[in-house]
Amino acid sequence: HMEITLPIHDALPSHHEPVSSHHLVFCQHGLDGNTENWEIFIEKLKLKFGDDVYVHLGIANEEPGLTREGIDVCGERLVGELMKVHQVLFQSRRIKLTLVGHSLGGLILRYAIGLLHQRGKLDSAFDLQAYYSFATPHIGGVRKKESGFFNAVANFVMSKILDRVGQQLLVADKDPNFGNSPILVAMSNPKSSFYQGLAKFPRRVLYSNVVHDLSVPYCTSAIYHINPYTINESDIKTSKRYPHVVESEKRSPSAQEHKDPCVHIQNSDPNMEIDISNSTGEHGAHLKQMLVDLQMLEWERVACYFTEVPGMAHFLILNQPPMLPGEDVVQHFVDNFQL
């Protein structure tokens with residue numbers, strides 16, 4: 001276990017005095033990300049809640065290359081950092097905990113939740129409030145092979161360039177810690193500590209891009225077997241108050257789908273962005289199983305629709321960079337945040 005030292009950082013007072021807040025919001029950036037990704041986020045939370053919440057931006061995985069070492073390695077580091085923050089700033093008292101992850105950060109958090117649950121910390125140290133993910137590839141980053149050259153290239157690039165984490169995101173790894181099962185499959189198993197820990201959060205909220213997210217298609221970030229919004233894009237209505245948030249009844253699966261999501265999984269559906277057809281053998285079965293298992297949990301789904309800057313939706317969802325659209329999505333998060 002590595003010892004995490006807390007450097008001077010705008011989210012952490014350099015003198016390490018205890019904080020008075022009773023609610024820790026811990027944010028984890030994505031692949032090759034950094035704490036600057038949360039600039040608008042932290043600004044808006046502070047504006048609304050002041051000292052009622054303490055926002056900590058995860059730094060344990062910030063050094064270049066660290067996020068490529070794997071979801072498990074990053075999750076272990078994150079737990080070390082979180083418990084250090086809890087000990088130093090909150091003097092180990094019982095506090096409320098909200099976790100927020102962007103992209104790969106959402107998976108690192110889910111792994112960390114499992115470790116905390118295994119170690120008895122989830123219940124003993126925290127009153128769990130909510131888990132949020134923004135454009136996180138919960139079912140992996142795999143794209144359908146038949147949907148064109150771009151997807152084939154994206155899959156190849158991910159497997160080659162992203163080292164260990166690329167294999168994990170393609171659900172192509174064999175993890176000896178989980179009986180040679182891919183790590184994402186193990187984390188989605190209802191018997192696992194990762195799943196059971198996640199189930200303890202009263203709220204689980206998914207912010208997903210409907211289109212124009214080159215890294216993470218809607219289905220994998222919304223844990224949903226089809227993209228209901230690409231059926232007729234011209235029908236998408238966005239909120240007046242939050243111009244990039246879709247107002248729609250299509251947000252959550254029906255009760256019937258919750259009971260048996262498989263009934264609705266049609267391999268030929270053109271709006272299915274994940275390849276879970278039986279022809280892909282074990283790999284397809286893995287993706288299908290993850291969808292079915294994760295859909296058994298209740299999720300709040302928020303669909304986001306960016307069209308202004310093609311291909312940038314993955315970052316706009318966190319209002320990165322701040323001069324571009326997306327501030328309203330962060331505002332939506334803040335307005336629906338429960339203290």
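This is a working chat about a predicted model of one protein chain.

Biologist: What should I know about the model before we start?

Modeller: The model is predicted: local features need pLDDT of at least 70 and side-chain atom pairs count only at pLDDT 80 or more, while totals for chains, interfaces and linings use all residues. Residues are numbered from 1 along each chain as its sequence is written, and side-chain values use heavy atoms, with hydrogens and water left out.

Biologist: How many helices and strands does the protein chain have?

Modeller: There are 13 helices and six strands in the protein chain. Helices (H or I, at least four residues) and strands (E, at least two) are DSSP runs, numbered from the N terminus.

Biologist: And what share of the residues is buried?

Modeller: Of the 339 residues, 58% count as buried. Buried means under 20% relative accessible area, exposed over 50%, and partly exposed in between, with a 1.4 Å probe and protein chains only.

Biologist: What does the accessible surface come to?

Modeller: About 14,200 Å², and 53% of that belongs to carbon and sulfur atoms. The areas come from the Shrake-Rupley method with a 1.4 Å probe; for residues, only the protein chains shown count as cover.

Biologist: What about contacts between residues at least 6 apart in sequence?

Modeller: In the protein chain, 76% of those contacts join residues at least 24 apart. Contact means heavy atoms within 4.5 Å.

Biologist: Helix pairs next. How do α1 and α13 pack?

Modeller: Helix α1 (residues 39-49) and helix α13 (residues 327-335) pack at about 40°, and their axes are 10 Å apart. Axes are lines fitted to C-alpha atoms, for helices over the stretch in contact, and angles run from 0 to 180 degrees between N-to-C directions.

Biologist: Which word goes with that orientation of α1 and α13?

Modeller: Oblique. Angles under 35 degrees count as roughly parallel, over 145 as roughly antiparallel, 65 to 115 as roughly perpendicular, and the rest as oblique.

Biologist: Is the crossing of α1 and α13 left-handed or right-handed?

Modeller: Right-handed. A crossing is left-handed if the near helix is turned anticlockwise from the far one by less than a right angle, and right-handed if clockwise.

Biologist: Which residues in α1 and α13 meet?

Modeller: From α1, Ile40, Phe41, Lys44, Leu45, Lys48 and Phe49; from α13, Glu327, Val330, Gln331, Phe333, Val334 and Asp335. In α13, the buried residues are Asp328, Val329, Val330, His332, Phe333 and Val334. Those buried residues pack against α1 as well as β3 (95-102), β4 (126-134), β5 (203-209) and β6 (300-304).

Biologist: Stay with Phe41. Buried or exposed?

Modeller: Phe41, in helix α1, is buried, because its relative accessible area is 0%.

Biologist: What does Phe41 touch?

Modeller: Leaving out residues up to four places away in sequence, Phe41 touches Cys27, Val100, Phe134, Leu318, Val330 and Phe333. Phe41 and Val329 are 288 residues apart in sequence, with 9.7 Å between their C-alpha atoms.

Biologist: Cys27 came up there. Buried or exposed?

Modeller: Cys27 is buried, at 0% relative accessibility. Cys74 is buried too, with a relative accessible area of 0%.

Biologist: How many disulfides?

Modeller: The count comes to zero, where a disulfide is a pair of cysteine sulfur atoms within 2.5 Å.

Biologist: Cys74 sits in α2. How does α2 pack on α3?

Modeller: The angle between α2 and α3 is about 65°, with the axes 8 Å apart. That makes α2 roughly perpendicular to α3. Their crossing is right-handed. Cys74 is one of the α2 residues that meet α3, and others include Ile71, Leu78 and Met83. On the α3 side, Leu104, Ile108 and Tyr111 are among them.

Biologist: One more. Where does Asn180 lie?

Modeller: In the loop between α6 (163-169) and α7 (183-187). Asn180 counts as partly exposed because its relative accessibility is 48%. Not counting residues up to four places away in sequence, Asn180 touches Lys174 and Asp175.
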